[in-house]
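Please keep the sequence and the model in view while reading.

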Amino acid sequence: MFSVNTVIHQPGHFAKEQLDDSVDYKWPEGGLQNIPDWVYTSPAIYQREIERIFHGPTWNFVALEAEIPNPGDFKRSFVGPTPVVVARDIDGSVHVFENRCAHRGAEFCRSQRGNTKEFVCPYHQWSYDLKGNLQGVPFKRGIKGEGGGMPKDFRNEEHGLLKLNVTTLHGVVFASFSRELEPIEEYLGPEILKDFEVVFKGRKLKILGYYRNELPGNWKLYHENLKDPYHATLLHSFLVTFGLMVAGSKNGMIADAKGRHGTLASAKPENVAEAVDKVKGEMRAYREDFKLADGRFLQYVREFDSPWSVTMQTIWPNLIVQRELNTLGIRHIVPNGPHSMIMLWTMFGYETDDEEMVRHRLRQGNLMGPAGFLGLEDNEAIKFVQEGVRRSSSDKGVVKLGGDKLGSTNSVIDEAAIRGMYAYYRQELGL
Amino acid sequence: MYPGYDMAPPDARNTRELRLEIEEFHTAYCWTLDCGELEHWPEYFTDDAVYRITARENADAGLPVGLVYADSKAMIRDRAFALKHTQMYAPRTLQHFVTNVRVLQAKGDTIKAQSNYLLLQTLVDGPTTLQQSGRYYDSFVRLEGSLKLKERQCIYDTVLIANDLVLPV
């Protein structure tokens, strides 16, 4: 992993990275206004997260239906850190199962995506149908006269792949290891469903392509970053200078009732210059002399029935839905140990886009992704946080903006949504 | 293989001359980037240039997305300015290595070539790492005697980007 190479000290060398189950994980005094470093560094806490969150009663994003439109289409994916396969059966239904042969455990599916009639494990050629049922075991009855083979009571139906619970909503596929959980609409809640539907409901997606990166930071930092409107108006010179998100303009941080999901929303001000003028004194990233040589890049085509020009949704525990002007995409977070996450980005437009609209989305895509003007700054900042919490002697962060309030806010100078997420998180993890 | 970049080379002697000229172009281009002289980076392109960095999986599937996507020299200039003056990222140095130059076509004003590239990155507090391994598919035109890029497709093999790609290839 590159994170081992690009920072001094391999992960695991600091005391905060070696905390095990014998530690009494006690949240610091001051309640939710502080976040203890061990939520980002402890291997024991990370294991508890996998068990209770990613493998627990949550709906995890696994695919867009547009990626697997035809019978036999499949895609490799992940639920938490666990590799799964998403496949569309001949009957059109979508199935998700572990990418682990029921025989000896080989991760049998090696292609990112494709089309197939069946899955065959390359090791001993056990074969499975598109629903994950075991179909064939070579030499199941042994060799005539020599014996061998499976015991008489061996039943194929008892040795299929581990199947996950699957649901789809407006072309987005979610899966869960849990059988007992609410329908996806209820899971999202009305506050989140509303802006989710703006992007997906009644629209056929056209996949524009993929980015993949490793981000050397704890997976929760990505959720926090998008529940933190404060940073958006300070870190990102593009948002500030070109008025995409300006403190004091119409912005919102919307959380669901449980505090686990969020929508960071903003409306581009009608008069950008005036809006920026009011607050630019506070913003070091503002550059008076920064003018775009090619203004097409930041044009906003009003294509949605929504008061917001930007909505960044964090859907617990592993999905980000990005609608930043006209650049659309999802980010799939794959936790990769306490100090690292893999980010899988799928950028898309709509089937109704004409050639110019596709180009417009591609141009605007320069804002996001691992080389995007906003994306790379977020990745750098999150990496800095992980290095700070791993290697320092102090042991907690401060989230006091907005006092004790939890969840939704109208002000961007507020950390209520981060506190709300940790209120929920503490419950789930018993902290 | 990238669509439009099939092999139809001119005669061997002409190919050698063109290859030398393209190698000199790469050396100058990399020198500009490795010195951090981003303000001069756009000068290697025509006004209507297309510049894209994308993963091989996108190129193979014919998907148009770019990690970086520009369809004008003005967009390249905007990126150069932003990287130099407004973007926040940890300090780093880069070395580009370009090899295996193959002249593919030389028809009229347009010369098409492919080359392999490696991008090494060094952060202030870590060892030098291989940031990207990829291939350029270039279309050159000759303006006032010197080669300019009308198209540069940077197709990288490095599936998982190490955090981010800040500076161009």
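The centres of domain 1 of chain A and domain 2 of chain A, taken over C-alpha atoms, are separated by 36 Å. The domain assignment of chain A places domain 1 at 60–167 and domain 2 at 184–429; such bounds come from an automatic or database domain assignment. The model is predicted, so local features need pLDDT of at least 70 and side-chain atom pairs count only at pLDDT 80 or more, while totals for chains, interfaces and linings use all residues. Residues are numbered from 1 along each chain as its sequence is written, and chains are lettered from A and ligands numbered from 1 in the order in which they are written.

Between the two domains, 9 residues of domain 1 of chain A are in contact with 14 residues of domain 2 of chain A; two residues are in contact if their C-beta atoms, placed from the backbone, lie within 7 Å. Strand 2 of chain A gives the most to the side of domain 1 that touches domain 2, with 3 residues. Strands here are DSSP runs of E with at least two residues, helices are runs of H or I with at least four residues, and both are numbered from the N terminus.

Strand 10 of chain A is joined to strand 11 (residues 172–176) of chain A by 5 bridges in the antiparallel sense. Within this pair, A:Asn165 has A:Ser176 in strand 11 as its bridge partner.

Strand 13 (residues 251–255) and strand 14 (residues 262–266) of chain A run antiparallel and are joined by 5 bridges. These two strands form a hairpin with 6 residues between them, and A:Gly259 in the turn has a positive phi of about 85°. A:Met253 has A:Leu264 in strand 14 of chain A as its bridge partner. Of the 5 residues of strand 13 of chain A, 4 are buried; a residue is buried if 20 or more other C-beta atoms, placed from the backbone, lie within 10 Å of its own, exposed if 12 or fewer, and partly exposed in between.

The contact between the chains comes next. In total, 42 residues of chain A are in contact with 39 residues of chain B. Strand 12 of chain A gives the most to the side of chain A that touches chain B, with 9 residues. Strand 12 of chain A also pairs in the parallel sense with strand 7 (residues 161–162) of chain B over 2 bridges, and A:Asn213 stands opposite B:Ile161 in strand 7 of chain B.

Helix 10 of chain A has buried residues that pack against strand 12, strand 17 (327–335) and strand 18 of chain A, together with strand 2 (68–70) and helix 3 (73–86) of chain B. Those buried residues are A:His360, A:Arg361, A:Leu362, A:Arg363 and A:Gln364.

Finally, the largest nonpolar core has 150 residues, and those with the most contacts inside it include A:Val62, A:Val79 and B:Ile76. A nonpolar core is a set of buried Ala, Val, Leu, Ile, Met, Phe, Trp, Tyr and Cys residues joined through C-beta atoms within 7 Å.

Terms used: Pairing = 2+ DSSP bridges.
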